[in-house]
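Please open the structure in your viewer and keep the sequence alongside.

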Amino acid sequence: QVQLVESGGGLVQPGGSLRLSCAASGNIFRINVMGWYRQAPGKQRELVARITSGGSTNYADSVKGRFTISRDSAKNTVYLQMNSLKPEDTAVYYCNADGTDYPQGRAFGSWGQGTQVTVSS
């Protein structure tokens, strides 16, 4: 079983910055993709950014140029640096990881519990 624990959410004024972290633990053989999703009240969960084991990244159009995803593969940790935050970025942010466990070599897909990000003056 693989667990994800997020941290770093909070309340910030428009134009401010926050850095989210997500650490994976458990029977991990390899993590292929780690990503951040968000869900605002009354809306569907959406992809914010994702990063592969090779370092390739994808971003939602709404966050390009403002958010940066990175990962420390040795620590099984992914980060999301969020700059120039807007009120519309307010949501619960969830971490996701897809990979293979050991010793069975089964594929897994795990979610964190979510961390609240509120952008408001």
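Begin by selecting strand E9 together with strand E11 (residues 115-119): the two pair in the antiparallel sense over three bridges. Strands here are DSSP runs of E with at least two residues, numbered from the N terminus, whereas helices are runs of H or I with at least four; two strands pair if DSSP finds at least two bridges between them. To locate this contact, pick Tyr-93, whose bridge partner in E11 is Thr-115.

The model is a predicted one, in which local features need pLDDT of at least 70 and side-chain atom pairs count only at pLDDT 80 or more, while totals for chains, interfaces and linings use all residues. Residues are numbered from 1 along each chain as its sequence is written, and side-chain values use heavy atoms, with hydrogens and water left out.

Ala-97 has Ser-110 as its bridge partner in E10. Follow the chain between these strands: E9 and E10 form a hairpin with five residues between them, and Gly-105 in the turn has a positive phi of about 70°.

Why is strand E9 (residues 91-101) described as largely enclosed by the rest of the structure? Nine of its eleven residues are buried, so the remainder of the structure largely encloses E9. Buried means under 20% relative accessible area, exposed over 50%, and partly exposed in between, with a 1.4 Å probe and protein chains only. When inspecting side chains, recall that in a regular strand they alternate between the two faces of the sheet.

Finally, select the entire protein. There are eleven strands and zero helices. The radius of gyration is 14 Å, close to the 14 Å that the globule rule gives for 121 residues, so the protein is as compact as a globular protein of that length. This radius is taken over C-alpha atoms, and the rule is 2.2 Å times the number of residues to the power 0.38. Along the principal axes, the C-alpha atoms fill a box of roughly 50 × 25 × 20 Å. Of the 121 residues, 42% count as buried.
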